[in-house]
Amino acid sequence: MIFYTKEHLQYWLDFYRIEHENDPKHETISAIYSTLQDTQQLGIITIYANFISIYAKAFVQDLDFFQQHKKPIFPFVETRLENLAAYLKLNQMLFILI
């Protein structure tokens, strides 16, 4: 799903604009449309989608590993969170430069 989302994220704004025009009182659609109009929020969504797509295979492999071996998971979770923090910080700096 994340790979599909990443490839089609550029179409979300138009999709939700049309949905919002068809049903302007729908609160969820309105909230999503509003969020997507905010370039900073859209940038954050894009960064998260990219990060998840990069590490999706590793997440699945980790899950498979833990389901089979009953090993402590904290070191692996900590590493993934550190990767996420570094990725977000780097992309935040790049986003500010743009």
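# Exercises on side-chain contacts and burial

A search of the whole structure finds two aromatic pairs. The model is predicted, so local features need pLDDT of at least 70 and side-chain atom pairs count only at pLDDT 80 or more, while totals for chains, interfaces and linings use all residues. Residues are numbered from 1 along each chain as its sequence is written, and side-chain values use heavy atoms, leaving out hydrogens and water.

**Exercise 1.** Classify the aromatic pairs by ring geometry.

*Solution.* 
1. Rings of Phe, Tyr and Trp (its six-membered ring) pair if their centres lie within 6.5 Å; planes under 30 degrees apart are stacked, over 60 edge-to-face, and the rest tilted.
2. For Phe15 and Tyr16 the centres are 5.0 Å apart and the planes stand at 90°, so this pair is edge-to-face.
3. Tyr16 is buried at 19%, whereas Phe15 is partly exposed at 45%.
4. For Phe51 and Tyr87 the centres are 5.2 Å apart and the planes stand at 55°, so this pair is tilted.
5. Phe51 lies in helix α3 and Tyr87 in helix α4 (residues 74–97), 36 residues apart, so the pair links distant parts of the chain; helices are DSSP runs (H or I, at least four residues), numbered from the N terminus. Both Phe51 and Tyr87 are buried.

**Exercise 2.** Find the salt bridges and state how they are connected.

*Solution.* 
1. The criterion is a side-chain nitrogen of Lys or Arg within 4 Å of a carboxyl oxygen of Asp or Glu. The whole structure holds two such bridges.
2. Arg17 meets Asp14 at 3.9 Å, N to O. Both belong to helix α1 (residues 2–22), three residues apart, about one turn of the helix.
3. Arg17 also meets Glu21 at 3.3 Å, N to O. These two are four residues apart in helix α1, which separates them by about one helical turn.
4. Shared partners join Asp14, Arg17 and Glu21 into one network.
5. Relative accessible area is 29% for Arg17, partly exposed, 44% for Asp14, partly exposed, and 52% for Glu21, exposed.

**Exercise 3.** Locate the buried residues of helix α2 around its axis.

*Solution.* 
1. In helix α2 (residues 27–37), the buried residues are Ile29, Tyr33 and Leu36.
2. They span an arc of only 65° around the axis, which places them on the same side of α2. The arc is taken from the directions from the helix axis to the C-beta atoms.

Notes. Buried < 20%, exposed > 50% of the residue type's maximum accessible area, 1.4 Å probe, protein only.
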